[in-house]
Amino acid sequence: MQLAEEEKLASLGRLASRMAHEINNPLGGLFNAIDTLKTHGRTPGVRDTSISLIERGLNGIREVVDAALATYRPERSLRPLSADDLEDVRVVMKPELRRRRQRLDWQVEWPAEVAATIPGGPVRQAVLNLLLNASAVTPEGTAIGLSVKRTADQLRISVSDEGPGMPRDSIAMLSDDDPGPAVRAGRGFGLWMVRRMVDACGGKANVDARPSGGSVVTLTLPIPEETRNERSHAA
């Protein structure tokens, strides 16, 4: 019983630490938006864009808190993924990229519509987590990448880095059939959230080595047949 209690306290400590990390990640972008408002807030377009970013950023933080409290369910975030979610990620990443003198290779082919079954908030947070991880392992002065493509039946999101390669336990968190051992070992709260989002969407995650060095994490999210049929009928 004493050992169980000590393990529980240790787990809570790890959770608290990672919660602070996950909440702190988007704060740079939010403060950047506030600075923009202070400087250019009288311009209607800039003001509306910044306020919208702040609102979505705060909603994202709330979803992180909900997930950590084990009360989060995918149905609580029914807003579908949109181009704004990805643009928000690009804005939030700017301070970190500037600090590390990195660039973001942006290859986003955004379709006219995306299936309403793909939730905006969780996907946005997952992409942000992967980009922050990619930036952390990529040398200064080089690049990380984001690629988003839609096919007839799926949405593919790829994040690439120029680091030394993803550790095996991190790969297990994302792609193993049973990520339990990696989760219990406390391997990456951010990656755990990515895995939860992928599982909730019925998708899969793959990690591949780049020929030139580094890793590519690819999230494949299915688009249900009924959604594809609705789009075809609308066309």
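Predicted model: local features only at pLDDT ≥ 70, side-chain atom pairs only at ≥ 80, totals over all residues.
**A walk around the β5 strand**

Residues are numbered from 1 along each chain as its sequence is written, and side-chain values use heavy atoms, with hydrogens and water left out.

Now the overall picture. The protein chain has eight helices and five strands; these are DSSP runs numbered from the N terminus, with helices being H or I of at least four residues and strands E of at least two. Of its 235 residues, 41% are buried, meaning under 20% relative accessible area with a 1.4 Å probe, protein chains only.

Next, the sheet. The five strands make an open, mixed sheet in the order β1-β2-β3-β5-β4, where two strands pair if DSSP finds at least two bridges between them. At the edges stand β1 (103–108) and β4 (204–209), each with a single partner strand, so one side of each has no neighbour in the sheet.

Which strands does β5 pair with? On one hand, β3 (residues 154–160) is its antiparallel partner over seven bridges. On the other, six bridges join β5 (residues 215–222) to β4, also antiparallel. Six of the eight residues of β5 are buried, so the strand is largely enclosed by the rest of the structure.

Finally, the helices. Helix α3 (residues 83–99) lies across β1 and β2 (143–150), at about 170° to β1; axes are lines fitted to C-alpha atoms, for helices over the stretch in contact, and angles run from 0 to 180 degrees between N-to-C directions. How do α3 and α4 (residues 120–137) pack? Their angle is about 30°, with the axes 10 Å apart. That makes α3 roughly parallel to α4, a label for angles under 35 degrees. Contact here means heavy atoms within 4.5 Å, and the residues that meet include Val-89 and Met-93 from α3, with Leu-128 and Leu-131 among those from α4.

Conventions
Parallel < 35°, antiparallel > 145°, perpendicular 65-115°, else oblique. Buried < 20%, exposed > 50% of the residue type's maximum accessible area, 1.4 Å probe, protein only.
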